[in-house]
Structure formats: structure tokens, C-alpha cells
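Please look over the sequence and the structure shown here before reading the report that follows.

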Amino acid sequence: RSGLFLGEIKHDKFEPSQALALALKANEYDNILNLDIDDDRVIKYLKCETLDVKDKYKNGLVLVCVDGYPLGFGKRSSDGIIKNLYPKAWRLL
């Protein structure tokens, strides 16, 4: 392929692609959740489950990383829940 698929517009909102998430570096995005490899939330994310965070993240798109390496995007709501945007076909069972 030539270029990078950034995402698409769905229901008047931009949804970023998984390719964009993997192409970013942790220091290139402002709103990141950087998890330690031993954190239980890493497995929850890879199973496409929601993540509970009570930290100081902005609402909207969050780049979920493990030790600085991106896994994908999530969408944080005002109640501290990150909805998983990890591709369903890639999930752990």
C-alpha cells in the first residue's frame, strides 16, 4: 500500500483506524494511557473489554499503550470508562 489509512467518517464523527494507532508513538499523542506490561488491564484491552480508569485523562480518544508501544484507541467517557476500539477480529479469547 502507499500511504496510511487514517480512518473514516461514521455518523458525522471521525473514527481513527487501527493502522493510525499503531503508526503513532506515545510522545506524538496527548491523551495516552500507558500501561505496564504486568497490568491486568492489558489483557482486558486485548479481550475487547472496557477499562475502568479514574485518572486525569481527557474525554474522547485515548491511545492505549503498553510500556510506550501503542495497542490501539479507546474512547473515554465522563464516568471514567474507556470503551475499547480494538479490532474485534484481533481479540484474545
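At 35% relative accessibility, Lys10 counts as partly exposed, because that term covers values between buried (under 20% relative accessible area) and exposed (over 50%), with a 1.4 Å probe and protein chains only. This is a predicted model, in which local features need pLDDT of at least 70 and side-chain atom pairs count only at pLDDT 80 or more, while totals for chains, interfaces and linings use all residues. Residues are numbered from 1 along each chain as its sequence is written, and side-chain values use heavy atoms, with hydrogens and water left out.

Side chains of opposite charge can pair when their charged atoms come close. A salt bridge is counted when a side-chain nitrogen of Lys or Arg lies within 4 Å of a carboxyl oxygen of Asp or Glu, and by this rule there are two salt bridges.

| Salt bridge | N to O distance |
|---|---|
| Glu8 and Lys10 | 3.6 Å |
| Asp39 and Arg41 | 3.0 Å |

Glu8, the partner of Lys10, is partly exposed at 39% relative accessibility. In the other pair, Asp39 is partly exposed at 21%, and Arg41 is likewise partly exposed, with a relative accessible area of 22%.

The surface also carries a nonpolar patch of about 410 Å², made by Leu4, Leu6, Ile9 and Phe14. Patches are made of residues with over 30% relative accessible area and no salt bridge, like charges being joined within 9 Å and nonpolar side chains (Val, Leu, Ile, Met, Phe, Trp, Tyr) within 5 Å. Leu6, one of the patch residues, is partly exposed at 47% relative accessibility.

Conventions: Areas by Shrake-Rupley, 256 points an atom, 1.4 Å probe, with all protein chains shown as cover.
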